[in-house]
Amino acid sequence: MHEASIVQEIIDITTEQAKQNNAHKILEVEITVGAGAMIETDLLASAFDIMKGETMLEEAVLKINKVNLKLHCLNCGKISESDKMVSMECPYCHSFETIIESGREMLINKIIAE
């Protein structure tokens, strides 16, 4: 479960940002997770709820925005979207000559603190 290490990074980064802005409590953290990031968002949310105790995030809410994976086929030129990272195969021409255009990201979008 690499989600625990991701949550620890979220806690470390948001705590550092809050301290730099003289905040003492984090109320909300909003993140974006791409379908190709290989992160189980349910596990991430559960790990966040467990690990946030006794930190500046103890009362914080985690909001997760999911974005689809966009695959560009170099063979037929079409772009496909999926909410899961299943295969690199183009669903139109079945070529594996594809590249991921977006959907692998994991970003912290917003921190609300006081």
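Helices (H or I, at least four residues) and strands (E, at least two) are DSSP runs, numbered from the N terminus. The model is predicted, so local features need pLDDT of at least 70 and side-chain atom pairs count only at pLDDT 80 or more, while totals for chains, interfaces and linings use all residues. Residues are numbered from 1 along each chain as its sequence is written, and side-chain values use heavy atoms, with hydrogens and water left out.

Select Cys93 to begin, in the loop between strand 4 and strand 5; at 29% relative accessibility it counts as partly exposed (buried is under 20% relative accessible area, exposed over 50%, partly exposed in between, with a 1.4 Å probe and protein chains only). Cys93 touches Cys73, Asn75 and Cys76, leaving out residues up to four places away in sequence, where contact means heavy atoms within 4.5 Å.

Centre on Cys90, in the loop between strand 4 (79-82) and strand 5, which is buried at 2% relative accessibility and touches Cys73, Cys76, Ser95 and Thr98, not counting residues up to four places away in sequence.

Move on to Thr98, in strand 5 (residues 98-102), where 10% relative accessibility makes the residue buried.
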